[in-house]
Structures are given as structure tokens and as C-alpha cells.
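This report describes a single protein chain, starting with its overall make-up and moving on to selected residues and contacts. Please consult the sequence and coordinates below while reading.

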Amino acid sequence: MSDRPKLKLPEIEAEIRRIIRNGNPLVKQCSGCPATMFMIPHPNTGNLHPWNADGKSHYATCPKAKEFRRAKP
């Protein structure tokens, strides 16, 4: 993990919108809803994460997100 400070939610959303606009992100269709997702590394963790075009996490907005969550040990 990097030593850069963790970003807050508005900063994350702005960064994701910038990447979608200027970058070449992997685009996927959500298997739970009809949304288009942009697979971009999360700015704080570096793990590949699904984002909506508005910069919000698709995990937070998908109506079927509970079906895709991993069970906690």
C-alpha cells in the first residue's frame, strides 16, 4: 500500500470521474442490474473496484449488492 494519505469520499468521486473522462478504464456490465461499471483501482486500497460514471462506488448503489458481498468469516 502507498504512503499517500487516504482520500475522502468527495475526493475519491472526483478522481474516479477524472479517470473515466481521461483514462481508458475497463468497462463491464453489472450481473445484478443493468448498470455499466468502470473497473478502476480504489484510490485508497489499490484493489480493482466497480465505479459508476458519477464517481460513486457501484457497491453502494447496486440494488442487488447484497447478493455479491462475501460472507464474513
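## Burial of His58

The model is predicted. His58 is found in helix 2, which covers residues 58-61. With a relative accessibility of 4%, His58 counts as buried, because the cut-off for that class is under 20%.

Apart from neighbours within four places in sequence, the residues in contact with His58 are Cys30, Cys33, Ala35, Met37, Pro50, Trp51 and Asn52.

## Overall make-up

The chain contains three helices and three strands. Read from the N terminus, these elements follow the order α-β-β-β-α-α. The C-alpha trace spans about 35 × 35 × 20 Å along its principal axes.

Of the 73 residues of the chain, 33% count as buried. The accessible surface comes to about 5,500 Å², and 55% of this belongs to carbon and sulfur atoms. Taking contacts between residues at least 6 apart in sequence, 37% join residues at least 24 apart.

Helix 1 runs over residues 9-22 and has 14 residues. From its first C-alpha to its last, helix 1 reaches 20 Å, close to the 20 Å expected at 1.5 Å a residue.

Which residues of helix 1 are buried? They are Ile12, Glu13, Ile16 and Ile20. These residues cover an arc of only 95° around the axis, so they lie on the same side of helix 1. An α-helix has 3.6 residues a turn, and therefore residues three or four places apart point the same way. The buried residues of helix 1 pack against strand 2 (36-41) and strand 3 (48-51). On the other side of helix 1, Pro10, Arg21 and Asn22 are exposed.

## Salt bridges

How many salt bridges does the count come to? The count comes to two salt bridges. One is formed by Lys56 with Glu13, where the closest N and O atoms are 3.3 Å apart. Lys56 lies in the loop between strand 3 and helix 2, whereas Glu13 lies in helix 1, so this pair ties together parts that are 43 residues apart in sequence. Glu13 is buried, because its relative accessible area of 12% is under the 20% cut-off. Lys56 is partly exposed, with a relative accessible area of 35%.

Arg18 forms a salt bridge with Glu15, and here the closest N and O atoms are 2.9 Å apart. Both Arg18 and Glu15 lie in helix 1, three residues apart, which is about one turn of the helix. Arg18 is partly exposed, with a relative accessible area of 36%. Glu15 also counts as partly exposed, at 25% relative accessibility.

## Glu67 in helix 3

Glu67 has its place in helix 3, which covers residues 65-68. Is Glu67 buried or exposed? At 59% relative accessibility, Glu67 counts as exposed, because the cut-off for that class is over 50%.

Glu67 and Glu11 are 56 residues apart in sequence. In space, the distance from C-alpha to C-alpha for Glu67 and Glu11 is 28 Å.

Definitions and conventions
Residues numbered from 1 in each chain as written. Predicted model: local features only at pLDDT ≥ 70, side-chain atom pairs only at ≥ 80, totals over all residues. Heavy atoms only, no water. Helix = DSSP H or I, 4+ residues; strand = E, 2+ residues; numbered from the N terminus. Buried < 20%, exposed > 50% of the residue type's maximum accessible area, 1.4 Å probe, protein only. Contact = heavy atoms within 4.5 Å. Expected span 1.5 Å × (residues − 1). Arc of directions from axis to C-beta. Salt bridge = Lys/Arg side-chain N within 4 Å of Asp/Glu carboxyl O. Areas by Shrake-Rupley, 256 points an atom, 1.4 Å probe, with all protein chains shown as cover.
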